[in-house]
Structure formats: C-alpha cells, structure tokens
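Please keep the sequence and the model at hand while reading.

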Amino acid sequence: MGIRVDQIIVRHLRMPLLHFFETSFGRTYERDIILIEAFADGISGWGEVTAGEGPFYNEEWTGSAWPIVIEFVAPRILKHEFSSAEDVGARTAHIRGNNMARGGVETAIWDLQARLHGEPLWRTIGGHRREIACGVSIGIQESVEQLLDKIQTEVDAGYQRIKIKIKPGWDVDVVRAVRERFPNIRLMGDANSAYTLRDADHLKKLDESYLMMIEQPLAHDEIIDHATLQRSLETPICLDECIRSAHHAEQAIRLKAARIVNIKLGRVGGFGEAKRVHDICEANGIPVWCGGMLESGIGRAHNIAMSTLPNFVLPGDVSASKRYWKRDIISPSVEVSDRGTIAVPDGPGFGYDVDTDYLESLVVRKEVLK
Ligand code: OSB
Ligand code: MG
C-alpha cells in the first residue's frame, strides 16, 4: 500500500516556555514552531519543524522554514505516489540545506504511514525499545548556586544524565563546582560551537571533571578541527551541529572527530537520514543519543519513537513536557518515571492524541495546501 498525500496543512504556533533557555548563542523565551499535518485517505500524520526563532543554532529559522515548506517542499510531495515514507527524503534532496523544513514534512509522512497501517511509529521505523532513557539539558543560569539547585531538582526527579550548557566565561570553573557537589552523576557539557582550536589548552582542563562527553565545542561546520581537538582531550567529543547527514557521520568517524554522536531528526532532515546516521555509527561502535530542540509534544513524540532504535544506548535530551510547557499540545503529556525513563506508547502513529482545540488557539498563521 503506497502513500499519496492529497493535502498538507502548515501551521505556525507560538508557545511560551515556562522558563527561558540560554545557550552560548542566545536566550529563547518562547518557541515559534511550524507543524505539518499531512493527509491521505482521510487520515492525517503530524510533523514538527524544529528550527529556532533565529538563524543561530544553524542557518534555519521559523521565518525561513515557512516559505521553504510552502514553496519548495510541499509541492514536491503533494499528489506524488510514494511506495513508502522511506522515499520522501530523496524527493526533496535537491533542496540545499533547510533540513529542518524538509524533516518536518518527512516525519509527518512517517507518522501518516504508521497511522495508515494502524501500527505504532516506533515499529514502522524499525525500533524495538519499549522504554527510553532520559537526560536533561540545563541552560546557562544567572549564578552557579542557581545551576546547582536546578541540577539537584533534576537528579531528584530521577533523570539519568545531566547536560549543562557551557560558553567562554561559564565553563571550567562552573563544571568543577558541579562536579564537587555531584561527584557521581553522569555529567556532560554542550558548547554549541562557542570555541576554537585556540581554546584547546583551556578545554583540556575539563578532563579533570571526567565528563561523559563535551558536545560540539568547535564551529558548526568544522569536522577536521574537532579531530585535532579530540587527540588532545581525554573527554570524548560528541558532535551535534556538524552532523547533517550520514556522509558527515562517516567522515567524522573516519577522522576520529567524535566518539559519540547526537542525532536530531530536524538537523538531518527526518527519519530516513537519521536511521542512516544511526546505522553508520552502530557499524563503527559509536554510541548515539537523541538530541532535543525544545520541541512541542509532537516533535517530542517523534524523538521518543526514534530513541527506540538499537544504537540509542545513551540517555537523550528527551524529557517531560512539564519542564517546558504549562500545557502541551498532546495528550497525555510526556511523562518521565522516577527512574528517568519514558514508556514508549503503543497507539498508532506517534502514540499520543493531538489536542487540536488547544493547538488551534496557539496558531499565528496557517496555510492549506492541495
Ligand atoms: O544543542 O542540543 C542543543 C536547544 C536548542 C538548540 C540546541 C540545543 C538545545 C538543547 C535543548 O540542548 C534540548 C532540549 O531540552 O530540547
Ligand atoms: Mg547540542
């Protein structure tokens, strides 16, 4: 049974975050999220475009993803006969970059395929895990005291791994203070490309804090310098921004630029490419984990499905809805057990209900494409 998408509804939502989130490239107070609803045979599947509010994590942002979806992605998808969602990525691969815009549509069609077959999305993509391991990502805080308090709260809640954001001026000393207070937690730092090779000696001081990994210390498009840096660090490097395709993963592994890879559905353009990144890492003994982009429940549900693939052996940045939102757009909201796990839902598609009334109340613009 093939898939022929006959309508796509694109919605732009504004969702205020409960607390601002600060990274080395800036602060986010509210999320501008594009949702894709793709229809076939009267059934719809949902996807989320994970671009940020400005072109700072990567080149995409909500304002660029909107016309890319409407003018370039959707017209290639509508009315085309796909034998499987597996083939959707290739249909828009001629578009340079803009993986998050492409991925929003691609993931919607995977969800649609799962729903058309009446099966859970995790099974459609080839996953098996029934429970996933969860960590949290904690933004840059106003003080070290405040950071220590936040970490205590998340450790008490049961999260299995703590990631803190770092940047020049908020790094070695902060990490040391966290380590002194929490000698036994699984701890890591994420720099979001805030350093250069000139900082190698400084970053070397992080080794004393025996982090699980340092995520993306150097430039967003720089694999070779990460290989140089990794040779001088004991702390494993995990790449995030650099890995936009399976080819990048293959190059990073060959150059020994990373010992761990973060996979984000949007950054690589959807499930098809995410699975290829996963497989290359698995074949080379490189563990992966699922990254987050402050997603609504829909993107979060996709992340849960992806995390059921076998090589997702490290806790990801997939945490409870209530850490981000007063109210989520899915029901039930994503909940985390006191062991720091999420039970993977068994319903069709991504397995949660979409709260369409609440979702519509957050819409700032909407377009129906046929
Ligand atoms: O680098 O992983 C990142 C959020 C926005 C942009 C980039 C990143 C992040 C996070 C948050 O770390 C993860 C989450 O809680 O969704
Ligand atoms: Mg990151």
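What volume does the second largest pocket have? The second largest pocket has a volume of about 240 Å³, where a pocket is, on a 1 Å grid over the protein atoms alone, an open set of points at which a 1.4 Å probe fits, with protein on both sides within 12 Å along at least five of seven lines, and a volume is the space filled by probe spheres set on the points.

## Basis of the model

This is a predicted model, in which local features need pLDDT of at least 70 and side-chain atom pairs count only at pLDDT 80 or more, while totals for chains, interfaces and linings use all residues. Residues are numbered from 1 along each chain as its sequence is written, chains are lettered from A and ligands numbered from 1 in the order in which they are written, and side-chain values use heavy atoms, with hydrogens and water left out.

## The second largest pocket

Lining residues, those with an atom within 4 Å of a point, number 16 here, and Gly 89, Ala 93, Arg 102, Val 268 and Glu 273 are the closest to the centre of the second largest pocket. Two or more residues come from each of helix 2 (88-91), helix 3 (99-116) and helix 11 (271-283), helices being DSSP runs of H or I with at least four residues and strands runs of E with at least two, numbered from the N terminus. Helix 3 gives the largest share of this lining, three residues.

Because domain 1 (3-118 + 355-369) and domain 2 (124-343) both give residues to its lining, the second largest pocket lies between them; the domain bounds come from an automatic or database domain assignment.

## The largest pocket

The largest pocket holds about 820 Å³ of space and is lined by 45 residues, with Leu 17, Phe 20, Phe 21, Glu 22 and Leu 294 nearest its centre. Strand 2 gives the most to this lining, with seven residues. Domain 1 and domain 2 both contribute to the lining of the largest pocket, so it too lies between them.

## The sheet and its helices

Four strands form an open sheet in the order 4-3-2-17 with antiparallel pairing, two strands being paired if DSSP finds at least two bridges between them. Strand 4 (43-49) and strand 17 (363-369) are the edge strands, each pairing on one side only. Strand 2 and strand 3 run antiparallel and are joined by 13 bridges, and Ile 8 stands opposite Ala 38 in strand 3.

Helix 3 packs on the sheet, touching strand 3 and strand 4, where contact means heavy atoms within 4.5 Å.

Definitions and conventions
Axes fitted to C-alpha atoms, helices over the stretch in contact; angles between N-to-C directions.
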